[in-house]
Amino acid sequence: MKRVVVKVGSAVLTEKGEIALSRMQALVNFLAELRKKYEVILVSSGAVAGGYTKLKLDRTLLANKQALAAIGQPVLMQRYAKKFEKHDTITAQVLVTAANLNKDDDILRVRNTVETLLRNGVIPIVNENDATATDELEVGDNDQLSAYITHHTDADMLIILSDIDAYYDCDPRANSHAEPLKVVHEIQKSELCKEVTPNNVFATGGIVTKLKAADYLLKNNKEMFLASGFDLSDVRSFMLEGIHRGGTIFTTKR
């Protein structure tokens, strides 16, 4: 059975300062379907947003952001656990830092934990340990984290579900003639150096961080699929029906 990592961002999971429960339920329903064909690891943002639903702190201050993450992580996990219960699925929290993924011993422990969970039918839900992280809280953390998890757990593909529904030949917000690129084999270095432009107050990424994740995976001979997290029809048709209607596949295969 192939293994996939699914990453969902804060822009998808939150709306107006609250966790978007209907979108979370749609995500969980999709993952339950996906698990019939694949081993699934979820990388989920949303801890800071979850904390903000309980305590309104200024998110621009690092100490507040870490406090919100500490409050919000159990909130997020509780919501996931309740929604996965409908599919008779147990969830597990796996918190990591960038430092964990730079040490061979730590990488092995993370991999062994994930392997044990998957072998027992549990879905691992991975997130950055934002409550204690410092520079790891910078732009693009979970896009990069999900790429590292994909590589280090020997997954075959990373699926990023975002407010960005594909990779375009130019900025679709500035150019109405922008065309989505359905298949990408390599990413130009100039594209990786552009300014990051997140669209959501809780988001820390943008298309650039997703391209960096894709570039890392391509260099490690792995695939990435980028699609909308608001409308799951593209990722559903691609992963469950084998039909590429929308979204972008980053692959070395030609």
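Colleague: Where is D88 placed?

Modeller: D88 sits in the loop between α4 (62–85) and β5 (91–96). Helices are DSSP runs of H or I with at least four residues, strands are runs of E with at least two, and both are numbered from the N terminus. This is a predicted model, where local features need pLDDT of at least 70, side-chain atom pairs count only at pLDDT 80 or more, and totals for chains, interfaces and linings use all residues. Residues are numbered from 1 along each chain as its sequence is written, and side-chain values use heavy atoms, with hydrogens and water left out.

Colleague: Why does D88 count as exposed?

Modeller: Its relative accessibility is 75%. Exposed means over 50% relative accessible area, buried means under 20%, and partly exposed lies in between (1.4 Å probe, protein chains only). So D88 counts as exposed.

Colleague: What is the phi of D88?

Modeller: It is near 55 degrees. That is a positive value, and D88 is not a glycine.

Colleague: Which loop holds N221, and what makes N221 exposed?

Modeller: N221 is in the loop between α8 (207–219) and β11 (223–228). Its relative accessible area is 58%, so it is exposed. N221 also has a positive phi, about 60 degrees, although it is not a glycine.

Colleague: What span does α8 reach, and what is expected?

Modeller: α8 has 13 residues and reaches 18 Å from first C-alpha to last. The expected span is 1.5 Å times one less than the number of residues. That gives 18 Å, and the span of α8 is close to it.

Colleague: Which residues of α8 are buried?

Modeller: They are V208, T209, K210, L211, A213, A214, D215, L217 and L218.

Colleague: Is S146 buried or exposed, and why?

Modeller: S146 lies in helix α6 (residues 141–152). Its relative accessible area is 0%, so S146 is buried.

Colleague: Which residues are in contact with S146, leaving aside neighbours within four places in sequence?

Modeller: V5, K7, V43, L158 and I160 are in contact with S146. Contact means heavy atoms within 4.5 Å. S146 and V126 are 20 residues apart in sequence, and their C-alpha atoms are 8.4 Å apart.

Colleague: What makes L21 partly exposed?

Modeller: L21 has a relative accessible area of 38%, so it is partly exposed. L21 is in helix α2 (residues 21–34). Leaving aside neighbours within four places in sequence, L21 is in contact with R79 and K83. From L21 to S190, 169 residues along the chain, the C-alpha separation is 37 Å.

Colleague: What about E241?

Modeller: E241 belongs to helix α9 (residues 233–241). At 46% relative accessible area, E241 is partly exposed. E241 and G51 are 190 residues apart in sequence and 37 Å apart in space, C-alpha to C-alpha.

Colleague: How many helices and strands does the protein have, and why is it called as compact as a globular protein of its length?

Modeller: There are nine helices and 12 strands. The radius of gyration is 17 Å, close to the 18 Å from the globule rule for 254 residues, so the protein is as compact as a globular protein of that length. The radius is taken over C-alpha atoms, and the rule is 2.2 Å times the number of residues to the power 0.38.

Colleague: What share of the residues counts as buried?

Modeller: Of the 254 residues, 55% count as buried. Among contacts between residues at least 6 apart in sequence, 74% join residues at least 24 apart.
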